[in-house]
Every structure is written in C-alpha cells, then in structure tokens.
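Have the coordinates open as you read.

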Amino acid sequence: MITVENDQSPIRASRLEFSSFPAFPSLSDKVIPSQFPAMAEASRIFHSTLFPTLSLQLSKPCYNSHVYPSLSLKKAPRPVQCSVSTSETKSTSSNATQEVPWGCDIDSLENAEALQKWLSNSGLPPQKMAIDKVAVGERGLVALKNIRKGEKLLFVPPSLFITADSEWSSPEAGQVLKQYSVPDWPLLATYLISEASAQKSSRWCNYISALPRQPYSLLYWTRAELDRYLEASQIRQRAIERVTDVIGTYNDLRLRIFSKYPDIFPEEVFNMETFRWSFGILFSRLVRLPSMDGKVALVPWADMLNHSCEVETFLDYDKSSQGVVFTTDRAYQPGEQVFISYGKKSNGELLLSYGFVPKEGANPSDSVELPLSLKKSDKCYKEKLEALRKHGLSTSQCYPIQITGWPLELMAYAYLAVSPPSMSKQFDEIAAAASNKSTIKKDLRYPDIEEKALQFILDSCESSISKYSKFLQASGSMDLDVTSPKQLNRRVFLKQLAVDLCTSEQRILFRAQYILRRRLRDMRSGELRALRIFDGLRNIFK
Ligand SMILES: C[S@@+](CC[C@H](N)C(=O)[O-])C[C@H]1O[C@@H](n2cnc3c(N)ncnc32)[C@H](O)[C@@H]1O
C-alpha cells in the first residue's frame with residue numbers, strides 16, 4: 001500500500017519505546033499519520049482475518065509478529081493449513097518470469113495518456129501535475145505549474161476509489177465473497193483480478209491497463225534469490241512470511257470458495273500468479289485513509305505519486321473538499337517531480353512492499369532488526385522462557401535498532417538474558433518490560449548486570465555485522481554464473497538492491513557497535529578507577 005501507518009505496522013514494532021544513544025531517554029508512542037497503508041497492514045490482514053493459524057507458524061517470532069487480533073471467516077471457523085515449501089518450488093521459482101496478461105511496463109508511458117483522459121472524463125478535476133517519466137520511481141507525477149508550499153493537491157473524488165464496497169462487473173462474484181464475509185484485503189485482491197479479467201467491460205479498464213504488469217516487491221523474488229541475496233537481513237524472513245501469507249490466502253480462498261463456484265472463479269483467471277500480482281499491487285498502492293475511519297482504498301492518480309524520505313506529507317481524505325488530497329510541504333517548479341511519504345518505514349520495509357531502497361543515509365526512519373536469543377546453556381533457561389512466553393515473547397526476538405537508538409524493550413530482553421539465578425524473582429517483571437504489549441515501566445536499571453547486558457547486545461550486533469560483511473564481500477563475485485542476458489540483468493538488479501539494503505542495515509549496526517563499545521569502555525574504566533581508589537584507601541588504613 002502506498003502509505004503505511006508506520007508505527008502501527010504489523011510487521012514492525014508497534015509502540016516501541018526507543019531509547020536513544022547515548023543517554024537512553026525514551027520516546028514513546030509517537031503515532032505518525034498514515035498514507036499509503038502498504039505492506040505492514042497487509043500482514044495484519046492475513047494474520048488477523050482469514051488465517052488464524054498463520055501467526056503460529058513463526059518459529060522465530062519477530063518482535064511484533066503476533067500483535068494482530070484474530071477474526072475469522074464467518075462461514076469457515078476451521079483453521080486453515082497453509083503449506084508453503086521453503087525450497088524453490090514451482091510456485092516460488094517461476095514467479096520471476098510469469099506475468100499476468102494485463103497491466104503494462106512502467107518504464108514506459110504506455111497507457112498513461114489513456115488513464116489521464118479516462119480520469120478527467122470520470123470526474124477528476126484539472127490537475128497541476130501530469131504523469132511523466134521520472135528519475136526516481138520510473139513513472140511519477142510531475143508539476144505542470146508552480147506549486148506552493150502548503151497547497152492542497154489531487155482532489156480525487158470517492159467515485160474513483162476502489163474499495164471493498166465497489167460494484168463488481170460480475171455481481172455474482174461480489175455476492176459470493178460478501179456471503180463468506182471475506183475481509184477487505186483478500187476481497188480487494190479478488191476484485192482486482194475479476195475486474196482485470198473483465199477487460200473493457202470493467203469501468204476500471206484504463207486504470208488496470210496502466211498498473212504495473214509486475215509490481216516491484218519481494219513477492220516476486222524466488223526463494224533462492226531471497227536466500228542468496230538477503231541471508232544477512234531479517235527482511236528475508238519477513239519476505240518468506242509474506243509469500244507464505246499470500247499463498248495461504250489464495251489457497252484458503254480456493255479451497256473454501258473458488259472450488260465451489262468454478263464458473264464464477266475459473267482457475268485460469270483466479271490462480272496463484274494472478275493473486276501474486278493483485279497482492280503486489282495492494283502492497284505497493286493501497287491507501288489507508290485515517291479520515292475515513294481507516295478505510296483502505298486504491299486511489300487511481302494518487303497512486304502515481306512516488307515516495308521521498310525527505311517529505312512529510314501523506315494522502316488522506318479531506319472532508320471539506322470531499323476527495324483524497326495531500327498538502328505539499330515544499331514548493332515545486334514546473335518539471336519537478338512531486339513526492340509524498342509512504343510513511344516512516346525502514347529501508348527493509350520499503351524494499352519488502354515497494355521494491356526499492358533509498359540512497360544510503362537518506363532515510364531518517366531507517367532501522368535494522370537485531371535478533372536476540374536466550375542461551376540454551378543458561379541455568380535458568382526454562383524459567384526465563386516461561387516468563388517470556390507469559391508476555392507473548394519467545395527465546396528468539398528481533399528488536400529494531402535505529403541510528404539514533406534502540407527500544408527500551410531490547411535492553412530489558414538483554415537484562416533477562418544475562419540475569420543470574422539470584423534474580424529469578426524479577427524474571428517476570430523483566431520479561432514484561434521486554435514486551436511491547438505491556439504498559440509497565442520499561443526503563444529498568446540493574447547496575448550489577450548492566451555491563452553484561454550491554455556486552456550481550458554488543459555480541460549480537462557483532463554477529464549480525466559479520467553476516468553482512470560476509471555477504472557484502474562475496475557480492476562482488478556473485479552472479480557471473482548465469483547464461484541468459486535477461487537473467488543476468490535481473491540478478492544484477494536484485495543484487496544491487498540487496499547490497500544497498502545490507503549496507504544501510506550494517507551502517508546502523510556499526511553505529512550501535514561504536515556506542516556500545518564506548519559505553520562498556522567508560523564503565524570498565526570507571527570500575528577500574530573505583531578499584532584503584534579502594535586499594536589506595538585500603539593501603540592508607542593498613
Ligand atoms: C504507488 S506506486 C507509485 C507509482 C509508480 N512509480 C508507477 O509508475 O506506477 C509505488 C511504486 O513506485 C515506485 N517508487 C515509489 N517511490 C520510489 C522511490 N523513491 N524510488 C524508487 N521507486 C519508487 C516503486 O516501484 C513502488 O512500488
């Protein structure tokens with residue numbers, strides 16, 4: 001989705017309290033306005049609606065993989081099994097080459113003119129921008145006139161939104177899905193395929209023809225590509241989970257609904273490839289509109305805007321003008337590309353949903369997931385695990401680190417990991433502080449084990465850093481083993497994205513490593529000084 005309610009993203013930590021380097025104060029519960037509701041929300045949909053079993057599949061839960069309440073299909077209370085092979089199966093290996101028979105290549109302006117014409121005939125007011133080829137994002141909206149800072153733009157009326165309430169070209173298909181109370185995301189994914197297959201008889205024909213034939217997102221990376229290029233990054237696991245969710249969603253729809261109505265949902269049209277496409281479109285273009293009670297919608301025209309980490313303006317429904325708008329936070333001159341923000345997302349999240357990585361250092365919201373684990377050899381392993389489980393956590397947790405700090409929950413987890421048996425009475429309190437769900441005081445201090453806790457985080461950072469270094473060193477010689485030029489181009493492109501991501505994630509870890517080493521050095525030299533003073537005093541008294 002185009003804009004995400006980033007802090008509430010299902011994928012990313014919600015409501016983390018960050019402690020910043022070097023003083024560790026906490027910034028808590030900063031809620032950021034949402035625009036392109038993207039990927040994050042999708043995962044919430046999967047986990048919370050159709051597929052109650054999915055969240056249980058995570059063997060190594062990331063920090064908030066479990067935050068979504070579960071709702072289920074009214075007519076299908078039985079849990080759904082999603083079987084996804086983690087090897088390079090047909091469904092994942094062939095996805096790089098298979099394309100749907102609609103949409104277009106976005107490196108050209110094919111179909112863009114027809115889209116603009118259709119939009120103005122369908123109620124889009126005259127615009128100060130037009131679709132054009134751009135340096136960032138291939139196609140985008142470019143200013144036709146001077147645009148002032150603080151100006152409202154777009155005004156896309158609700159009649160042009162695609163929502164869960166939109167009319168179907170095939171009313172029977174819509175009725176069946178409503179009868180099964182299919183949640184918004186799978187419903188919209190099915191709707192898009194249904195309308196695309198209706199071609200000219202769909203009112204969205206011009207819109208669909210201008211959508212990318214193959215949206216950029218990690219949904220289109222094969223399992224082998226994820227393993228090869230993203231081994232060092234936790235985003236690999238998130239991408240696998242997302243692919244699993246999409247395949248599970250499709251299988252669930254097929255088993256429960258499509259197979260019962262083969263005339264309405266023929267497999268030639270409603271299949272894994274078309275669902276990969278429609279979910280790819282939703283992940284990269286769906287908008288969540290806070291001023292419409294969080295309704296999700298595809299908003300033609302608005303979804304031609306590309307993201308910039310430097311702007312802080314989001315799409316939303318404007319009640320006074322009754323349309324989707326955004327307010328510019330800077331001026332634009334004719335010919336300049338106009339940007340919005342897709343939300344405060346890390347580079348990994350941008351790659352996951354939108355298929356791009358911002359330039360190094362350009363994203364102030366960038367973060368990296370640091371995995372932490374309890375040691376199996378810990379004398380209190382069982383007790384600690386119990387305390388963690390009680391608070392919805394596991395022996396392995398990922399916490400996001402930013403260039404400016406890390407969440408207080410991470411420090412709490414580290415305290416728990418290094419706490420000795422004599423602290424067993426505090427395990428519960430510490431585990432609660434390590435969870436983003438609990439509201440208890442997070443800023444714990446245990447001076448006796450602080451050094452050990454910091455060393456534990458440092459060790460985890462260094463172990464992650466070495467994985468990134470290994471990949472980055474090896475990446476230079478990768479990919480020379482392909483035979484076709486097309487395959488080579490694709491690999492070089494994916495590898496570059498992975499190198500950019502890994503470089504940015506490693507950079508954050510280097511910063512954390514520096515801060516941790518400095519703190520440990522200061523603590524140790526302080527201890528040494530105290531010891532010397534103590535020895536000095538002892539000698540005097542002798
Ligand atoms: C909502 S669409 C924006 C319109 C899109 N460029 C098009 O031609 O259809 C989101 C997609 O635009 C591209 N995009 C957006 N912002 C970008 C950026 N800053 N850098 C590179 N690609 C970007 C990505 O392909 C992303 O999946």
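Ser504 is buried, with a relative accessible area of 2%; buried here means under 20% relative accessible area, exposed means over 50%, and partly exposed is in between, using a 1.4 Å probe and protein chains only. Ser504 has its place in helix 15, residues 485–541 (helices are DSSP runs of H or I with at least four residues, strands are runs of E with at least two, and both are numbered from the N terminus). Skipping neighbours within four places in sequence, Ser504 is in contact with Asn347 and Asp366, where contact means heavy atoms within 4.5 Å.

Before going on, some ground rules: this is a predicted model, so local features need pLDDT of at least 70 and side-chain atom pairs count only at pLDDT 80 or more, while totals for chains, interfaces and linings use all residues. Residues are numbered from 1 along each chain as its sequence is written, and side-chain values use heavy atoms, with hydrogens and water left out.

**The annotated site**

An unreviewed UniProt entry lists Arg285, Asn306 and His307 under "binding site"; positions are in the numbering used here, feature names are shortened, and annotations may be inferred rather than shown by experiment. These residues span 23 residues in sequence, but no two of their C-alpha atoms are more than 11.2 Å apart, so they gather at one spot.

Asn306 lies in strand 8, residues 306–307, and His307 lies in strand 8 as well. Are they buried or exposed? Asn306 counts as buried at 12% relative accessibility, and His307 is buried at 7%.

Leaving out neighbours within four places in sequence, the contacts of Asn306 include Val134, Gly137, Arg139, Gln337 and Phe339. With Gln337, the side chains make a polar contact at 2.8 Å (a pair of N or O atoms within 3.5 Å; within protein, one must be able to donate a hydrogen and the other to accept it, and residues adjacent in sequence count only if both atoms are side-chain atoms). The side chain of His307 reaches the backbone nitrogen of Tyr342 at 2.8 Å.

**Rings**

The whole structure has 18 aromatic pairs. Rings of Phe, Tyr and Trp (its six-membered ring) pair if their centres lie within 6.5 Å; planes under 30 degrees apart count as stacked, over 60 as edge-to-face and the rest as tilted. Tyr354 and Phe356 form a tilted pair, 6.3 Å centre to centre with 45° between the planes. Tyr354 is buried at 6% relative accessibility, whereas Phe356 is partly exposed at 26%. One aromatic cluster includes Trp185, Tyr250, Phe275 and Phe283.

| Charged end | Ring | Distance to ring centre |
|---|---|---|
| Arg203 | Trp204 | 4.2 Å |
| Arg242 | Phe283 | 3.8 Å |

**Cores**

Which residues have the most contacts inside the largest nonpolar core? They are Leu154, Phe275 and Trp277, in a core of 80 residues (buried Ala, Val, Leu, Ile, Met, Phe, Trp, Tyr and Cys joined through side-chain atoms within 4.5 Å). Helix 5, residues 184–197, gives this core its largest share, eight residues. Apart from it lies another core of 64 residues, including Ile240 and Leu509.

Conventions
A charge sits over a ring if NZ of Lys or CZ of Arg is within 6 Å of the ring centre and within 35 degrees of the ring normal.
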